[in-house]
Amino acid sequence: SLRLCKLANDSGKLAQTCSALGSLFSEYGDSKNALTWFLEAAKIAEVTQDIQNFYLTHEGLGFYYYDRNNFEKALYYLLKVDSIMPQLRDAVLAAKTLNNIGLCYSGLKNYNLAKTYYRRALQEYTRLDMPLDIALAYFNLGSMYNNHNQPDSAIYYLDKSLPLARETGDL
């Protein structure tokens with residue numbers, strides 16, 4: 001597939017293939033090769049200025065680093081994703097990115113910024129009528145407050161999350 005993309009001079013497909021290889025290596029626990037392919041895909045997407053592939057590769061790198069508790073690097077890539085959202089024009093992906101940025105800030109114990117991003121995500125999920133994601137944003141806010149030793153706020157948001165999760169069949 002890589003060879004065909006190179007022969008066809010199809011940078012978009014090449015970035016997608018590199019990203020898919022990164023995901024595959026990541027699934028099988030080969031972090032070194034996963035990172036190599038994710039970075040190659042991101043480089044191609046940046047050079048070609050392909051917004052869709054830029055989103056996919058940088059979001060993938062954000063998840064890669066988040067899964068390894070490297071919240072600073074995850075945040076670096078997710079903030080790059082957030083910066084291209086107006087060009088991508090996908091409100092669902094934008095809302096999910098806001099939530100993921102909130103997760104990174106929470107992991108870094110920057111609870112004020114985590115709260116800001118979770119609330120922005122919640123606002124978008126509400127506007128888009130996405131009940132499962134609304135429940136997730138409430139859950140993330142509740143978890144953040146719990147981690148920040150604010151049990152009353154944690155209970156408030158977790159109590160908002162649970163009924164929505166039940167209604168959507170997530171529990």
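Helices, at least four residues long, and strands, at least two, are DSSP runs, numbered from the N terminus. In this predicted model, the elements of the chain run α-α-α-α-α-α-α-α-α from the N terminus on. The count is 9 helices and 0 strands.

The overall dimensions come next. The C-alpha trace spans about 60 × 30 × 30 Å along its principal axes. The chain has 171 residues, and 41% of them count as buried. Its accessible surface comes to about 9,700 Å². Carbon and sulfur atoms account for 52% of that surface. Contacts along the chain were also examined. Among contacts with a separation of 6 or more, 47% join residues 24 or more positions apart.

Two helix pairs were then considered, with helix α8 in both. The α7 helix covers residues 111–127, and α8 covers residues 131–147. Their axes come within 9 Å. The axes cross at roughly 165°. Angles over 145 degrees count as roughly antiparallel. Helices α7 and α8 are therefore roughly antiparallel to each other. The crossing in which α7 passes α8 is left-handed. On the α7 side, the contact is made by Y111, A114, K115, Y118, R119, L122, Y125 and T126. On the α8 side, D133, I134, A137, Y138, N140, L141, M144, Y145 and N147 take part. Sorted by class, this contact of α7 with α8 has 11 nonpolar, 3 polar and 3 charged residues.

The second pair joins α8 to helix α9, which covers residues 151–167. Here the axes lie 7 Å apart. The packing angle is about 155°. By the cut-off of 145 degrees, α8 and α9 are therefore roughly antiparallel to each other. The crossing of α8 and α9 is left-handed. From α8, the residues in contact are P131, I134, A135, Y138, F139, L141, G142, S143, Y145 and N146. They meet S153, A154, Y157, L158, K160, S161, L164 and A165 of α9. By class, the contact of α8 with α9 has 12 nonpolar, 5 polar and 1 charged residues.

Technical notes
Residues numbered from 1 in each chain as written. Predicted model: local features only at pLDDT ≥ 70, side-chain atom pairs only at ≥ 80, totals over all residues. Heavy atoms only, no water. Axes fitted to C-alpha atoms, helices over the stretch in contact; angles between N-to-C directions. Parallel < 35°, antiparallel > 145°, perpendicular 65-115°, else oblique. Left-handed = near helix turned anticlockwise from the far one by under 90°. Contact = heavy atoms within 4.5 Å. Nonpolar A, V, L, I, M, F, W, Y, C, P; charged D, E, K, R; others polar. Buried < 20%, exposed > 50% of the residue type's maximum accessible area, 1.4 Å probe, protein only. Areas by Shrake-Rupley, 256 points an atom, 1.4 Å probe, with all protein chains shown as cover.
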